[in-house]
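Okay, thanks everyone for coming.

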Amino acid sequence: MTNVVELQRAILGLSEAEYTELRRWLMDEDWERWEREFEEDVRAGKLDTLATEALEAKTKGELKAL
């Protein structure tokens, strides 16, 4: 695999349009990875405590409107 320094050099050589396309792809890829990780965490129960706390706060009327 190409190392990071080589990738950085290649990125600096991109045209504005190519750079924009790369940024868009990276942002989409980042979002996809974050979403998969979040879904895995939900399935694994890692967010259950937060959900319970939020529901308890709602029941007590302690939530603030966004």
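Predicted model: local features only at pLDDT ≥ 70, side-chain atom pairs only at ≥ 80, totals over all residues.

Residues are numbered from 1 along each chain as its sequence is written, and side-chain values use heavy atoms, with hydrogens and water left out.

How many aromatic pairs does a search of the whole structure find? It finds 2. One of them is W31 with W34, a stacked pair at 5.3 Å centre to centre with 20° between the planes. The rule here is that rings of Phe, Tyr and Trp (for Trp, its six-membered ring) pair if their centres lie within 6.5 Å; planes under 30 degrees apart are stacked, over 60 edge-to-face, and the rest tilted.

W34 also pairs with F38: their ring centres are 5.2 Å apart and the planes are at 15°, so that pair is stacked too. W34 and F38 are 4 residues apart in helix α2, so about one helical turn separates them. Why does that spacing keep turning up? An α-helix has 3.6 residues a turn, so residues three or four places apart point the same way. Put together, W31, W34 and F38 make one aromatic cluster.

The cut-offs: buried is under 20% relative accessible area, exposed is over 50%, and partly exposed is in between (1.4 Å probe, protein chains only).

Now charges. The structure holds 2 salt bridges, where a salt bridge means a side-chain nitrogen of Lys or Arg within 4 Å of a carboxyl oxygen of Asp or Glu. One joins the side chains of R33 and E29, at 2.9 Å from N to O. R33 and E29 are again in helix α2, 4 residues apart, so about one helical turn lies between them. R33 is exposed, at 53%, while E29 is partly exposed, at 23%. In another salt bridge, D41 meets K46 at 3.6 Å, N to O, and K46 counts as exposed because its relative accessibility is 59%.

The expected span is 1.5 Å times one less than the number of residues. Helix α2 covers residues 16-43, so its 28 residues should span 40 Å, and the end C-alpha atoms are 41 Å apart, which agrees. Helix α3, residues 48-59, has 12 residues and should span 16 Å, and its end C-alpha atoms are 16 Å apart, so that agrees too. Look at what follows each one: after α2 there's G45, with a positive phi near 80°, and just after α3, G61 takes a positive phi of about 70°.

Here's one for the viewer: A54, in helix α3, is 10 residues from A44 in sequence and 18 Å away in space, C-alpha to C-alpha.

Let's zoom out. The chain has 3 helices and 0 strands, running α-α-α from the N terminus. Its radius of gyration is 20 Å, well over the 11 Å the globule rule gives for 66 residues, so the chain is more spread out than a compact globule. That radius is taken over C-alpha atoms, and the rule is 2.2 Å times the number of residues to the power 0.38. The C-alpha atoms fill a box of roughly 55 × 30 × 15 Å along the principal axes. And how much of the chain is buried? Buried residues make up 2% of the 66.

Last stop: Y19. It belongs to helix α2 and is partly exposed, at 35%. Okay, over to you for questions!

Key:
Helix = DSSP H or I, 4+ residues; strand = E, 2+ residues; numbered from the N terminus.
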